[in-house]
Amino acid sequence: MIHIDFVLTDHAQKRILKRQIKLEWIKDALEYPARIESDLDDGHLVHVLRPIAARGFHVLRVIHNETVDPLVVVTAYIGLLYNEYEESGLALQIGLFGFL
């Protein structure tokens, strides 16, 4: 079993509350990501993606700094459905074709 310690920035706390994202989902995304991407603008940040069944399998994206201990979650949001990534061509552009 994987266990990752993390903290939320004030910004992340506000956004998670506003977007009704459960801490359990963030924990699951960090510990068992379906996809991991590097941030294009900040080399310290990493994006982890995980579909959320309770949200109709829309993709949760958690952006965090993994160069510190514990990890610092900067923000999180729910994005497109997986099939919307496929239809838009984003799955090929960002490599989500293996995303379950």
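These legends describe several close-up views of one predicted protein model.

The model is a prediction in which local features need pLDDT of at least 70 and side-chain atom pairs count only at pLDDT 80 or more, while totals for chains, interfaces and linings use all residues. Residues are numbered from 1 along each chain as its sequence is written, and side-chain values use heavy atoms, with hydrogens and water left out.

**View 1. The whole chain, with its secondary structure and confidence.**
The secondary structure comes to four helices and five strands, where helices (H or I, at least four residues) and strands (E, at least two) are DSSP runs numbered from the N terminus. Along the sequence these elements follow the pattern β-α-α-β-β-β-β-α-α. The mean pLDDT, the predictor's confidence in each residue on a scale from 0 to 100, is 85, and 81% of the residues reach 70 or more. Over residues 91-100, however, pLDDT stays under 50, and the model has 25 contacts beyond four places in sequence for this stretch, a contact being heavy atoms within 4.5 Å. Of the contacts between residues at least 6 apart in sequence, 44% join residues at least 24 apart. The accessible surface, calculated by the Shrake-Rupley method with a 1.4 Å probe and with only the protein chains shown counting as cover for residues, comes to about 6200 Å², of which 55% belongs to carbon and sulfur atoms. Buried residues make up 34% of the 100 residues; buried means under 20% relative accessible area, exposed over 50%, and partly exposed in between (1.4 Å probe, protein chains only).

**View 2. The largest nonpolar core and the surroundings of A76.**
A nonpolar core is a set of buried Ala, Val, Leu, Ile, Met, Phe, Trp, Tyr and Cys residues joined through side-chain atoms within 4.5 Å. The largest such core holds 15 residues, of which I21, I26, L30, L60, V62 and A76 touch the most other members. Two or more residues each come from α1 (10-19), α2 (23-31), β3 (45-52), β4 (58-65) and β5 (71-81), and α2 gives the most, with four residues. In soluble globular proteins, nonpolar side chains tend to be buried together. Leaving aside neighbours within four places in sequence, A76 is in contact with I16, R19, I21, I26, L60, R61 and V62.

**View 3. H64 and the residues around its position.**
H64 is found in strand β4 and is counted as buried because its relative accessible area is 2%. Not counting residues up to four places away in sequence, H64 touches L30, H44, L45, V46, V48, L71, V72, V73 and V74.

**View 4. The salt-bridge network of R35, E37 and R61.**
A search of the whole structure finds three salt bridges, each defined as a side-chain nitrogen of Lys or Arg within 4 Å of a carboxyl oxygen of Asp or Glu. R35, E37 and R61 are linked in a network of such bridges: the side chains of E37 and R35 meet at 3.9 Å, N to O, and those of R61 and E37 meet at 3.1 Å, N to O. R35 lies in strand β2 and counts as partly exposed, since its relative accessibility is 26%. The C-alpha atoms of R35 and R50, which are 15 residues apart along the chain, are separated by 6.8 Å.

E31 forms a salt bridge with K27, the closest N and O atoms being 3.1 Å apart. Because E31 and K27 are four residues apart in helix α2, about one helical turn separates them. E31 counts as buried at 4% relative accessibility, whereas K27, at 29%, counts as partly exposed.

M1, I2 and Y32 make a nonpolar surface patch of about 380 Å². Patches are made of residues with over 30% relative accessible area and no salt bridge, with like charges joined within 9 Å and nonpolar side chains (Val, Leu, Ile, Met, Phe, Trp, Tyr) joined within 5 Å. I2 is found in the segment before β1 (6-8), and this residue counts as partly exposed because its relative accessibility is 40%.
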